[in-house]
Amino acid sequence: MKYTKSIILFLIFNLILVFLMIFIANNTREIEKNNHILKVKISKITETLKINKIELATHQNSSYLKTLYDLYFYKIQKNNVPHIVKIKEVSNQDKNVKLVSSNN
């Protein structure tokens with residue numbers, strides 16, 4: 001019976017440790033959720049930056065813009081209004097379709 005006080009003390013100490021671990025685990029989970037949300041936001045911003053870089057490169061590349069113009073507006077009518085290409089017209093054209101690429 002001389003060990004009962006020490007056993008009770010260790011049981012109380014273990015209970016305190018268990019509740020502390022649960023509290024820390026709960027806080028860690030909240031931090032993990034916030035980190036995941038931040039990663040998603042960062043990936044969206046990164047994707048937007050990539051798109052903006054591509055747009056900047058295309059606006060600075062005049063040959064790319066000329067090729068796009070030739071691809072979509074290949075017929076100019078008498079009143080200088082370009083004729084917009086439709087899907088049927090592209091499929092009716094010969095098989096030499098120009099592919100446009102942008103080098104970054």
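**Exercise 1. Work out where Glu32 and Arg29 sit relative to each other in this predicted model, and what links them.**

Step 1: Find the element. Glu32 and Arg29 are both part of helix α1, which covers residues 4–60.

Step 2: Check the spacing. Three residues separate the pair, and that is about one turn of the helix.

Step 3: Look at the side chains. Glu32 and Arg29 form a salt bridge, with 3.5 Å between the closest N and O atoms. The general idea is simple: side chains with opposite charges can pair when their charged atoms come close.

**Exercise 2. Decide whether Glu32 and Arg29 are buried, partly exposed or exposed.**

Step 1: Recall the cut-offs. Buried means under 20% relative accessible area, exposed means over 50%, and partly exposed is in between.

Step 2: Apply them. Glu32 has 46% relative accessibility, so Glu32 counts as partly exposed. Arg29 comes in at 41%, so Arg29 is partly exposed too.

**Exercise 3. Find out how many salt bridges the structure holds, and describe the one made by Lys33.**

Step 1: Get the count. There are two salt bridges in the structure.

Step 2: Name the partner. Lys33 pairs with Glu30, at 4.0 Å from N to O.

Step 3: Lys33 and Glu30 are both in helix α1, three residues apart, or about one turn of the helix.

**Exercise 4. Describe the nonpolar surface patch and look at Leu20 as one of its members.**

Step 1: List the residues. Ile8, Phe10, Ile12, Phe13, Ile16, Leu17 and Leu20 make up the patch, which spans about 680 Å².

Step 2: Zoom in on Leu20. You'll find Leu20 in helix α1. Its relative accessible area is 43%, so Leu20 is partly exposed.

Terms used. Residues numbered from 1 in each chain as written. Predicted model: local features only at pLDDT ≥ 70, side-chain atom pairs only at ≥ 80, totals over all residues. Heavy atoms only, no water. Salt bridge = Lys/Arg side-chain N within 4 Å of Asp/Glu carboxyl O. Helix = DSSP H or I, 4+ residues; strand = E, 2+ residues; numbered from the N terminus. Buried < 20%, exposed > 50% of the residue type's maximum accessible area, 1.4 Å probe, protein only. Patch = residues over 30% accessible without salt bridge, like charges linked within 9 Å, V, L, I, M, F, W, Y side chains within 5 Å. Areas by Shrake-Rupley, 256 points an atom, 1.4 Å probe, with all protein chains shown as cover.
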